Amino acid sequence: MDTKIHSENGASAAARRKTRRRLFARFLQRAKRWFLLAVLAAGASALCDMLIPQIVRITLDNCLSNAEVPSPAVTSVADALGGFAYIAKHLYIPALLICILAGVQMLSHFLFTVGEAHGAETLVKNMRDALYEKMLALPYAWHQKHRTGDMISRCTSDIETAKNFISEQLTNIFRTLLLLVFSAVFMFSMHAPLSWIALAPMPILVFVSLLFHGVIERGVTACDENEGILSALAQENLTGVRVVRAFGQEKNEIDRFAAQNHLYTELWVKMGKWISAYWCGTDVLSGIQVLLVLVFGSIFCIRGGLSSGEFIAFLSYNAMLVWPVRELGRMLSEMSKAGVSLDRIFYIMEAEAERDETDACTPPLDRDIVFDHVSFAYTENKPILSDINLTVKAGSTLGILGATGSGKSTLTLLLDKLYDLPRECGSIHIGGVDIRDIKTSYLRKNIGLVLQEPFLFSRTLRENIAIADDGVGEAQIEAAVKAAALDGAVANFANGYDTVVGERGVTLSGGQKQRTAIARTLTTKKPILIFDDSLSAVDAETEEKIRAAISARFGKATVILISHRIATLCAADNIIVLKDGKITEAGTHEDLKCAGGLYQKIYHAQNRKEDTANEDENAD
Ligand SMILES: Nc1ncnc2c1ncn2[C@@H]1O[C@H](COP(=O)(O)OP(=O)(O)OP(=O)(O)O)[C@@H](O)[C@H]1O
Ligand SMILES: [Mg+2]
């Protein structure tokens, strides 16, 4: 199972960077204009932040005293407003200017927040859509290898973390950088030596922030991985709640969850300690920095060289300088978290989706199916199928019998391309065309596969049945339901076809579930039908009815029937027996029932059981 997240998709770093840039461009669709608004508003807000202390300084130093020689630009603005003396007598003018700037700042802050929120929400929506689309395009084999709970956690909390960073920090970084640069420029323009004193502790603050960033990144990776395991555990237990109850495993499962939850909590507690240590440490450092500025600023003020207006403005800029540097740690830590989450999201986005050969074809599929030297293994050195050679004549029925784990389902999954057959492991042809060259969606649309474990969605019966093909009409649904001998059950449901079947079809019996899955496959004509042990949960009489209805409806279809029941298989044109992935017997029922192999053994065992049952019935 996947818990590691980095570089598992095997792509080179350069290729990954290129893919990520492309993906980001896709995510940014319709979000860019909002981010642009946020950036412009952040610029305007930072400018207002810078101008307000300057108005205070000029009022103090040029209007209320002559502590400083005003620059020509300041003089011309003051003249336009009536001159310094006039302003000194009408102090509401600088106050009004400050109010106007504060108003502009409020408006820009509002626009900044709106732009940032819209941009982030649009970007995250694009991400969620893309992620979901990608997950459905990934091969079945990929899904088998990854825990659903972990994947859900990547689609929910990882996206949430990325969103929080984008909405709260991304544009903030720009604003912070602006504040840093503007503050430094204004400070140096007023008093260079005091500016150097103010900047002296900054390298230490930056160094501590970078150190903190590394620690947080490692901590968040561990937390995210553990969150994935925790959600997978919960998801599995909730899905398998029936098994948990049936085996009285509640306590064990609760303990297992509690242990994992404890581990997860411990990791966050540890992170909390690091975060507190960082804030405490930087509190002390910034306190020292402010103290230095206050002490030296006062000395410069007393000795001359720094006016009181400049000193007050300097202190405002210094606060603006310290705040972003301290925030750097938070930003970097949020960036670390978002980076880890984005890595986990990109892990899915970068996985190889199912893809057809560029010249994939759509040949007629009502032809012979040929398995040519097919061997297959899910994992290395554990062969499941070995050198299978088999021809299923078009329009014939093939029966497959075999012990559990002998590879029966695997054979059909390979035919449906749910697993790719490596080139060196033989080939499967339909009408002489290698299925690797056939368009996957076309192949699957034309193969009616009733899986061994039918899966129903928590939707209505009608929706579950109509899912197999677009535009399935009411008449087709009814005919399919009749063929699958489900009509009686539907008539008994209070809401008929509109009955919601519950999660995974929990409100249906095993047999009803199987028959719903069969009906789903029978809605439209398909040249190939596969029933993987699909009639095991229905009684012999109903099974007979279903088989008759199927052959009446799909007379010419090629049918592959997997079953453990001889009664199901005996009418097949050809029957094979699989043992440890090899064909050990092949022939008709008549050939095999006295061939002395597994088929004969099962035939006699099941006959004896039937005879005993009949005798019991007669005795009653
Ligand atoms: N996704 C998978 N990954 C690894 N091994 C698998 C996977 N699916 C099946 N197997 C293994 O492959 C072997 C064949 O499985 P398969 O489902 O084809 O058997 P089967 O003949 O259909 O059995 P049954 O009659 O119980 O349905 C089994 O040993 C099984 O454990
Ligand atoms: Mg099987």
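In what order do the four strands of the open sheet stand? The order is S2-S1-S4-S5, and the pairing is antiparallel. Helices (H or I, at least four residues) and strands (E, at least two) are DSSP runs, numbered from the N terminus. Two strands pair if DSSP finds at least two bridges between them.

Before I go on, some ground rules. This is a predicted model, where local features need pLDDT of at least 70 and side-chain atom pairs count only at pLDDT 80 or more, while totals for chains, interfaces and linings use all residues. Residues are numbered from 1 along each chain as its sequence is written, chains are lettered from A and ligands numbered from 1 in the order in which they are written, and side-chain values use heavy atoms, with hydrogens and water left out.

S5 pairs with strand S4 (residues 427-430) in the antiparallel sense, over two bridges. There, His429 stands opposite Asp434 in S5.

Now the other sheet. Six strands form an open sheet in the order S6-S7-S8-S3-S9-S10, with mixed pairing. Strand S6 (447-450) and S10 are its edge strands, and each pairs on one side only. On average, neighbouring strands of this sheet are turned by 15° against each other, direction ignored.

As a reminder, strands of a sheet pair through backbone hydrogen bonds, either parallel or antiparallel. Here is a parallel case: strand S3 (residues 397-402) and strand S8 (residues 558-562) are joined by four bridges. Thr397 stands opposite Val559 in S8. For an antiparallel case, take strand S9 (residues 574-579) and strand S10 (residues 582-587), joined by five bridges. Val577 stands opposite Glu585 in S10. The hairpin of S9 and S10 has two residues between the strands, and Asp580 takes a positive phi near 45° in it.

Next, the helices. Axes are lines fitted to C-alpha atoms, for helices over the stretch in contact (heavy atoms within 4.5 Å). Angles run from 0 to 180 degrees between N-to-C directions. Helix H13 (residues 408-415) lies across S3, S6, strand S7 (528-532), S8 and S9, and runs at about 150° to S8. Helix H18 (residues 510-521) lies across S6 and S7, at about 175° to S6.

How do helix H16 (residues 474-483) and helix H19 (residues 540-553) pack, and at what angle? The angle is about 135°, with the axes 8 Å apart. H16 and H19 are therefore oblique to each other; angles under 35 degrees count as roughly parallel, over 145 as roughly antiparallel, 65 to 115 as roughly perpendicular and the rest as oblique. H16 contributes Gln476, Ala479, Ala480 and Ala483 to the contact, and H19 contributes Ile546, Ala549 and Arg553.

Last, ligand 1. Of the 14 residues around ligand 1 (a heavy atom within 4 Å), Gly405, Lys408, Ser409, Thr410 and Gln452 come nearest. An oxygen atom of ligand 1 is 3.0 Å from a polar backbone atom of Gly407. For Ser406, again with a polar backbone atom, the distance to a ligand oxygen is 3.2 Å.

Notes. Polar contact = N/O pair within 3.5 Å; in protein donor to acceptor, adjacent residues only side chain to side chain.
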